[in-house]
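Have the viewer open as you read.

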Amino acid sequence: MGDWFVNVLRSYPELAVFLSIGIGFWIGPKKFFGFSLGTVTATLLAAVIIGQTHIQIDSAVKSTFFIMFIFAVGYGVGPQFIRGLKADGAREVLFALSVLALCLIVPVLSAKVAGLELGFAAGLYAGSQTISAAIGVATDQISQLGLSSEQAQTYANQIPIAYAVTYIYGTIGSAIILAKLGPRLIGVNLVAACKEYEAKLGGSASVETGEGIVSAYRMIEARAFEIPDDSDLLGQPVKDLMPGVRIYAERIKRGDAVIEVEDSTVLQAGDLVMFSGRRADLVGLLEGRLKEADTPELLNTPTEKLDVLITSKEVHGKTLEELSKLSLARGVYVSKLMRNMVELPLLPGTVVHRGDILTVLGSKRHVEAAIARVGYADRPVETTDLAFVGWGIFIGGLVGTLAITMSGFPISLSTTGGALLAGLLLGWLRTVHPTFGRIPGPSLWLMNTLGLNVFIAVIGISAGPGFVAGLQQAGVALLLWGIVATSLPMIFSVYVGHYVFKFHPAILFGACAGARTTTAALGMIQEAAQSRIPALGYGMPYAIGNTLLTIFGMVVVLVLS
């Protein structure tokens, strides 16, 4: 039975790849003592074990899936990355660059001091900085060094060994340093700091008074009321009925006619009016003044809840509170704000940027009118613009093949580096001209996740036969120097962010996690803070970090070769 199974895997290596992924995604999310391996590391370890059976896989398989993954990475962070190149993101960009410089320098120095071979050094960098994409970029660069095929393969097989040894502390250590040690290093109470920052953005005040944009986001409903002869709501345009409170007159039944309300509409005695707003506001401000009416034909109005890709310059850079005062916000409510696949807190002072995904709800008429002004409806669809994906990867990869020779070494972006830059540019263009290049969220997730994990599985299976020997050769040094390479940049980031760049402690640790692209650390920080506020600092540094940490995989090879 055992020989039959091994022969099947050798004859059909594609089954070995998907077996690795299946095991990795089964074990990866399981928590042990509060931490999990993660799907990437679990897939790699499963692949290494399966690879002990000496399975041969065509290298084109890993290259194909990796280039798809790297394009998706660029597409996802493109809007934030391009915005960072402009003046409005200068402080965050400079902070990220400061941290990233150390994320490169410390692993390189650690590898030199430890006397690690080139492949181990590249893997140490990728694992300690938890940047899986650097494995592919480093492997590509090694293949361009003019080494013998045997030597190049030896170095390539060393990378996943060092990555596996250093990645676990890279993930856990970063989270502990930022969430637990970091606040103590600068003497702050993270929970109190987040409450203070939330109040600064208008959060606490809104919750206490029941007014403002935050209160309007919760428990939205529509109810009908009759306007009596002596109502104080008579004789004035509906837009002036209750200033400062997000309650909107949506429809009126006047006699047998149902009228769609405009800002200038004036209520009359006997009108039956459908109001929308937060339930607490409707109860507290209308129930005592008006008699509720049972009018199904008035309340039976089409409603929508849609994700909106923000593309408008009118919206970019404005806070939610500022947006709530624009005419486009009439009868429209926000339930979620996503940036780089991270949910941000909904507070009056939260700033909206182009490329953000805003989930809005309200009557279909008002939602459609608002979308026309702020962006592009990201409606649930099943299709991806594959022509856009294919041409983007092809042209980017083609540019990446162009090389220059310096000191006898050919230097190029490689096909993967070119695809990354193409993804960055096209992801940004999508926010400017959203009529082309659609990649739905689930499709982008699949390109990211499947692309990376197939690549990792092939790497692990190929490196499997020499994995144990390599681990015995450099395992202890990799572990110890991996701890150094992870810890020093994170500790430095806390101090420089607090004392040099003067970030508020509430967003400082999110910014540190973003620069190192460690979503696991952000989750632990938010848990320690008992707040989503730290996510406000995550977006811009993440976009810069995800791009540069990947490219640094090539730099490590060039510096140490």
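What pLDDT does the chain average? The answer is 85, with 94% of the residues scoring at least 70; pLDDT is the predictor's confidence in each residue, from 0 to 100. Over residues 205-218, though, the pLDDT is below 50. That stretch still has 30 contacts in the model beyond near neighbours in sequence, a contact being heavy atoms within 4.5 Å. Where pLDDT is low, the predicted coordinates should not be read in detail.

Residues are numbered from 1 along each chain as its sequence is written, and side-chain values use heavy atoms, with hydrogens and water left out.

Now find the sheet. It is an open one of five strands, in the order β10-β9-β11-β8-β12, with antiparallel pairing. Helices (H or I, at least four residues) and strands (E, at least two) are DSSP runs numbered from the N terminus, and two strands pair if DSSP finds at least two bridges between them. At the edges sit β10 (342-343) and β12 (375-377), each pairing on one side only. β12 runs antiparallel to β8 (residues 303-310), and three bridges join the two; look for Val308 standing opposite Ala377 in β12.

Next, the holes. A search of the whole structure finds three cavities of 30 Å³ or more. A cavity here is a set of points, on a 1 Å grid over the protein atoms alone, where a 1.4 Å probe fits but cannot get out, and lining residues have an atom within 4 Å of a point. Points are joined across faces, edges and corners, and a volume is the space filled by probe spheres set on them.

The largest cavity holds about 210 Å³ of space. Its lining has 20 residues, with Leu328, Val332, Val334, Leu358 and Val360 nearest the centre. The elements giving two or more residues to this lining are β8, α13 (320-324), β9 (332-339), β11 (357-363) and α14 (364-374), and α14 has the largest share, four residues.

The second largest cavity has a volume of about 60 Å³. Among its lining residues are Ile70, Val137 and Met554. Both α16 (414-432) and α20 (539-560) supply at least two lining residues, and α16 gives the most, with four.

Terms used:
Predicted model: local features only at pLDDT ≥ 70, side-chain atom pairs only at ≥ 80, totals over all residues. 1 Å grid on protein atoms, 1.4 Å probe; cavity = no way out; pocket = protein on both sides within 12 Å on 5 of 7 lines; lining within 4 Å.
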